[in-house]
Amino acid sequence: QQGDIVGEACVGVGFRVEANISSRADDINLGDLFTIGMAVKERKAYGSLRMEAIGLHDPEITSVIPLPSEISGAAIQAIMQGMSTIKYKLYDQTTRLIPQIMGVRIVKDGTTLTELNEILMRYHLLGKKNTSQKPPKDK
């Protein structure tokens, strides 16, 4: 029915750190980057790290995001420095913030993820249409 709320979306800007980890050990704490780094140092795990900025556009942000690399102390340090710079740049007037959909959740029983995705895409296209229109001229 028109106007029913079928889902919710989290919208915003930020950064994401993605770790791909492989291990045969069963006692690895994946709670934070430092314990993951210790597991790698002890040869209990291996993998890669990647960082991305979401909805943040500024040359300084782009320059501090490290390239994807194997998990190491140096890689973790580069990620932490990148996070600090990004947090600082969030409040800088020169940083362009373009909010993105970060996650969705279905709230109406019987709604499928496909239906929710179609609704979000219609809303997204409507928003782009509205923002691309020029404001009316004063008479």
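Leaving aside neighbours within four places in sequence, Thr111 is in contact with Val6, Ile106 and Leu116, where contact means heavy atoms within 4.5 Å. Thr111 is found in the loop between β7 (100–106) and α4 (113–132); helices (H or I, at least four residues) and strands (E, at least two) are DSSP runs, numbered from the N terminus. With a relative accessibility of 15%, Thr111 counts as buried, a class defined by under 20% relative accessible area, while exposed means over 50% and partly exposed lies in between (1.4 Å probe, protein chains only). The side chain of Thr111 also reaches the backbone oxygen of Lys108 at 3.1 Å. A polar contact is a pair of N or O atoms within 3.5 Å; within protein, one must be able to donate a hydrogen and the other to accept it, and residues adjacent in sequence count only if both atoms are side-chain atoms.

The model is predicted: local features need pLDDT of at least 70, side-chain atom pairs count only at pLDDT 80 or more, and totals for chains, interfaces and linings use all residues. Residues are numbered from 1 along each chain as its sequence is written, and side-chain values use heavy atoms, with hydrogens and water left out.

The secondary structure of the protein chain comprises 4 helices and 7 strands. Along the sequence, these elements follow the pattern β-β-α-β-β-α-β-α-β-β-α. Of the 139 residues in the protein chain, 20% are buried. Among contacts in the protein chain with a separation of 6 or more, 71% are accounted for by residues 24 or more positions apart.

The largest nonpolar core has 15 residues, and those with the most contacts inside it are Leu33, Ala45, Leu49, Ile71, Ile76, Ile79 and Ile86. Each of α1 (33–41), β3 (46–54) and α3 (73–89) supplies at least two residues of this core. A nonpolar core is a set of buried Ala, Val, Leu, Ile, Met, Phe, Trp, Tyr and Cys residues joined through side-chain atoms within 4.5 Å. Apart from neighbours within four places in sequence, Ile79 is in contact with Val17, Leu33, Leu49, Arg50, Met51 and Pro66.

Thr95 is buried, with a relative accessible area of 8%. Not counting residues up to four places away in sequence, Thr95 touches His57, Asp58, Ile61 and Lys89. A polar atom of the Thr95 side chain lies 2.8 Å from the backbone oxygen of Lys89.

Side chains of opposite charge can pair when their charged atoms come close. The side chains of Lys89 and Asp58 meet in a salt bridge (3.3 Å, N to O). This pair links distant parts of the chain, with Lys89 in helix α3 and Asp58 in the loop between β4 (56–57) and α2 (59–64), 31 residues apart. Both Lys89 and Asp58 are buried, and the relative accessibility of Lys89 is 1%. A salt bridge also joins the side chains of Lys89 and Glu60 (3.6 Å, N to O). Lys89 lies in helix α3 and Glu60 in helix α2, so the pair ties together parts that are 29 residues apart in sequence. Glu60 is partly exposed, with a relative accessible area of 44%.

The count comes to 9 salt bridges. One of them is formed by the side chains of Glu52 and Arg16 (3.8 Å, N to O). This pair likewise links distant parts of the chain: Glu52 belongs to strand β3 and Arg16 to strand β2 (residues 14–22), 36 residues apart. Glu52 is partly exposed at a relative accessible area of 25%, and Arg16 is partly exposed at 38%. Salt bridges that share partners join Arg16, Glu18, Arg50 and Glu52 into one network.

Val11, Ile101, Val104, Ile106 and Leu113 make a nonpolar surface patch of about 430 Å². Patches are made of residues with over 30% relative accessible area and no salt bridge, with like charges joined within 9 Å and nonpolar side chains (Val, Leu, Ile, Met, Phe, Trp, Tyr) within 5 Å. β7 gives the most to the nonpolar patch, with 3 residues. Leu113 is found in helix α4 and is exposed, with a relative accessible area of 54%.

How values were computed. Areas by Shrake-Rupley, 256 points an atom, 1.4 Å probe, with all protein chains shown as cover. Salt bridge = Lys/Arg side-chain N within 4 Å of Asp/Glu carboxyl O.
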